[in-house]
Amino acid sequence: MEVKELISLAIEVMDYSYSPYSNFKVGACLLTKDGRTFKGANIENSSYGLSMCAERNATFQAYCSGVKKEEIEAICIVAKCNRPVSPCGACRQVLSELLPTDAKIILANTDYQYFETTIEKLLPYYFTKDDME
Ligand code: THU
């Protein structure tokens with residue numbers, strides 16, 4: 001799938017963002033190696049800390065549909081900002097566990113400016129279950 005198409009899917013789901021507190025809509029779309037896509041938007045709560053980011057929702061959606069880590073090719077995250085959106089630290093940690101290390105992480109804005117990165121670049125020295133052994 002072309003990057004632009006993946007960005008378009010992530011933009012589409014921004015419409016379903018529930019973000020009355022930040023008024024900041026975020027959309028994400030996870031792509032599997034066999035071409036399936038799973039979308040997520042940010043869903044907020046009046047108890048702010050209970051809000052959930054778009055990329056975690058898209059990833060959980062994929063897992064809840066039976067997608068396995070090794071089947072994941074890419075995730076695209078998009079918001080209306082001057083530069084491609086920067087995922088929060090909590091999401092970086094969650095993605096470090098649920099995505100393969102070689103998964104493409106595409107950060108984009110609604111003007112289709114984007115760059116491709118990896119979890120190791122976004123969160124070097126991330127915590128893993130191996131650290132608890
Ligand atoms: N947010 C995301 O959903 N993903 C990101 O990558 C950045 C931030 C959401 C969380 C909150 O609902 C709103 O954007 C403002 O922080």
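User: Which residues does Ile75 touch, leaving out those up to four places away in sequence?

Analyst: The general idea is that in soluble globular proteins, nonpolar side chains tend to be buried together. In this predicted model, Ile75 touches Cys29, Leu30, Glu55, Ala58, Thr59, Leu95, Leu99, Lys104, Ile105 and Ile106. Ile75 is also one of the residues of the largest nonpolar core that touch the most other members, together with Leu30, Ile77, Leu99, Ile105 and Ile119. That core holds 21 residues.

User: Which elements give two or more residues to this core?

Analyst: They are the strands β1 (26–32), β3 (72–79) and β4 (104–109), and the helices α2 (54–64) and α4 (119–122). The largest share, 4 residues, comes from β3. Apart from this core lies another one, of 13 residues, including Leu6, Ile7, Ala10 and Ala74.

User: Where in the chain do the two partners lie?

Analyst: Tyr21 is in the loop between α1 (3–13) and β1, while Tyr48 is in the loop between β2 (37–41) and α2. The two are 27 residues apart, and the pair links distant parts of the chain. Tyr21 is partly exposed, with a relative accessible area of 38%, whereas Tyr48 is exposed at 60%, because exposed means over 50%.

User: How does one read a database annotation, and which residues does UniProt list for "binding site"?

Analyst: An annotation may be inferred rather than shown by experiment. In an unreviewed entry, UniProt lists Cys53, Cys88 and Cys91 under "binding site". They span 39 residues in sequence, yet no two of their C-alpha atoms are more than 8.6 Å apart, so they gather at one spot. From this set, Cys53 and Cys88 belong to the lining of the largest pocket.

User: What surrounds Cys53 and Cys88, setting aside neighbours within four places in sequence?

Analyst: Cys53, in the loop between β2 and α2, touches Ala41, Asn42, Cys88 and Cys91. Cys88, in the loop between β3 and α3 (89–98), is in contact with Cys53, Glu55 and Arg56. Cys53 is partly exposed, with a relative accessible area of 23%, and Cys88 is partly exposed at 31%.

Conventions: Residues numbered from 1 in each chain as written. Predicted model: local features only at pLDDT ≥ 70, side-chain atom pairs only at ≥ 80, totals over all residues. Heavy atoms only, no water. Core = buried A, V, L, I, M, F, W, Y, C linked by side-chain atoms within 4.5 Å. Buried < 20%, exposed > 50% of the residue type's maximum accessible area, 1.4 Å probe, protein only. Contact = heavy atoms within 4.5 Å. 1 Å grid on protein atoms, 1.4 Å probe; cavity = no way out; pocket = protein on both sides within 12 Å on 5 of 7 lines; lining within 4 Å.
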